[in-house]
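Let us walk through this structure together, one contact at a time. Keep the viewer open and follow along as the residues come up.

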Amino acid sequence: MEFDLLSTAKGLVLPLAYLIILVGSLSTFSYLYRRRKAMQAASLQPWFPPHTSRNVYLTLLELQSSDEKNTKVPDSVLRAALLRRAVEDIQRLIQIRAQKPALTQLLQRGAVGDQLMQRFQFAEKEMEAELRDVVQEANALAPQQNWGQTIFQSAGEIAHTEAFKKKLDDIEATRADERERWEVKRKNVSEGFLKELDGVATKKPGSSDDEVLVESGGPDAPLGKGKKPAK
Amino acid sequence: MEAPDTFSLLDLGVDPTTKAVTSSSSSLTAQLDVLNSTHRGLLQLSTPNQAPPPPLPVQPQRSAQIGKLRDSAQAALKKQPTSTSNNPSSSEIPSNVSEAIKLYTLAIDMALSRPTWEPSGLLREEAAIMLSGRAEAYGLARQWGDSFVDAQLSIECKRAGNALAYARGGRALVEMGRRVEAKDFLAQGADGENTALQGAKGQLNQLKAQIAQAQAQGQQVPPQALGQVKQMETAVSNQEEALKELNILAKDVA
């Protein structure tokens, strides 16, 4: 049989069309699927709230580079802002480290969705980039000192000290109450004490307290502080 | 957080004279206050570029000053026997005790105002000792409320190996007639301190064994190691004493 171009082409139309439709539909699907995925990832809620210290630092940097004469930002301000940024990074890093094992476990048990884990991994990646960026900036701002190597050490101490001082403040806040409570009691006690001074020498001034009443249970114990001076 | 290469531009300005960062939005005020105080702290540094130095080594001046204040506070407490305070009805404080309280307060301020980028462990350690000392002074002044708060603060600063602060806090509670609270407080302290003491003793023994081993092998033991052992020994014996006091107090209350 003689080779007939036309009839061969005619015979190939069907398989070719088949292939084109197949590949076309697959690639369309893959394109759409990827785009949806990317959109989903982009719309994922960020793990952390906006990084304000970072924004402050970058805004100041922007101000400096735009350099209007009256709002010149000195480098020392930038250094302070960078240090604050590093402190916030440390706080986030601590959070990430604390959350990771729990989150992994929850994911294994199926208690949380994939999306949560995705958000978390996204945050982790961002964190890495952020740390690298801070080190670079630090080295640029204090080159003689190689600040990049120590900035996170300093920031770590700052984060610890701040967390710890907050606890101290909580306790310190009770001081006024404690002081007043004792002053009131001291007044009551000393009034009673003066009267009983010759009476029961061994009795401590604290014995007029209600809590002691329960323990000693003495029938002669006064029922209230008010009664004592009247005795 | 935003994508790595973007950020949100904030409405910030820099005061041309004070160089303080300001903003018109009130939500940033707290953050900018911290930033500005950090800035002021950095400006006092003498390092090149005025970047904070690494946490270690520490400049010894501040610790020396705190130690001096503490010594004079303790000297003030010893100056004259507190004869006037034997009368609990008199609310006036012996002059030497109020002097000591003032000195301790200075020392505490100095310890707590240590630049925050310096080691937080050191800050805690020093603040714990000073607060515990002030708790004692407040006790001598019969201001038990303050004494109790200071003891709590001291414990917050240093949770293990702080039996003295537990004893002082417990004593304050007893004096205020809050025996139930005192019982819990002291029991908790005695429990924790016991473990802490065992731990410290274990560490000391380990160090001693290491030194003995080194000596047996004919190696030279560095004098620092021996000094460290001596330091640990006094610390352990101090802890032991304080724990004894604590246990007696706890037994009294129980």
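In which helix of chain B is Asp146(B) found? Asp146(B) sits in helix H5 of chain B, where helices are DSSP runs of H or I with at least four residues, strands are E runs of at least two, and both are numbered from the N terminus. Before going further, please note that this is a predicted model, in which local features need pLDDT of at least 70 and side-chain atom pairs count only at pLDDT 80 or more, while totals for chains, interfaces and linings use all residues. Residues are numbered from 1 along each chain as its sequence is written, chains are lettered from A and ligands numbered from 1 in the order in which they are written, and side-chain values use heavy atoms, with hydrogens and water left out.

Back to Asp146(B). With a relative accessibility of 2%, Asp146(B) is buried; buried means under 20% relative accessible area, exposed over 50%, and partly exposed in between, using a 1.4 Å probe and protein chains only. Leaving aside residues up to four places away in sequence, Asp146(B) touches Arg175(A), Arg179(A) and Tyr138(B), a contact being heavy atoms within 4.5 Å. With Arg175(A), the side chain of Asp146(B) makes a salt bridge at 2.9 Å, N to O. The term stands for a side-chain nitrogen of Lys or Arg within 4 Å of a carboxyl oxygen of Asp or Glu. Side chains of opposite charge can pair when their charged atoms come close.

Now step back to the interface as a whole. Chain A brings 67 residues to the contact and chain B brings 66 residues. About 5800 Å² is buried between chain A and chain B, with carbon and sulfur atoms giving 61% of that area; buried area is the accessible area (1.4 Å probe) that two parts lose on being put together, summed over both. In chain A, the residues that lose the most area to chain B are Phe164(A), Arg175(A) and Trp182(A), together 11% of what that side buries. Six salt bridges are counted between chain A and chain B, and twelve residue pairs are in polar contact across this interface, both residues at pLDDT 80 or more. A polar contact is a pair of N or O atoms within 3.5 Å; within protein, one must be able to donate a hydrogen and the other to accept it, and residues adjacent in sequence count only if both atoms are side-chain atoms. On the side of chain A that touches chain B, H5(A) gives the most, with 15 residues.

The side chains of Arg178(B) and Glu178(A) meet in a salt bridge at 2.9 Å, N to O. Arg178(B) lies in the loop between helix H6 (163-175) and helix H7 (179-216) of chain B, and Glu178(A) in helix H6 of chain A, so the pair joins two chains. Both Arg178(B) and Glu178(A) are buried.

Chain B also has salt bridges of its own. Arg114(B) pairs with Glu126(B), their closest N and O atoms being 3.0 Å apart, and both Arg114(B) and Glu126(B) are buried. Arg171(B) and Glu175(B) meet at 3.1 Å, N to O, and both lie in helix H6 of chain B, four residues apart, about one turn of the helix. Arg171(B) is partly exposed at 40% relative accessible area, whereas Glu175(B) is buried at 11%.

Finally, look at the aromatic rings. The whole structure holds four aromatic pairs over all chains. Rings of Phe, Tyr and Trp (its six-membered ring) pair if their centres lie within 6.5 Å; planes under 30 degrees apart count as stacked, over 60 as edge-to-face and the rest as tilted. Phe29(A) and Tyr33(A) both lie in helix H1 (residues 5-43) of chain A. Phe29(A) is exposed, with a relative accessible area of 55%. The rings of Trp47(A) and Phe120(A) have centres 5.1 Å apart and planes at 70°, so this pair is edge-to-face. Phe120(A) is buried, at 0% relative accessibility. In chain B, Phe148(B), Tyr166(B) and Phe185(B) form one aromatic cluster.
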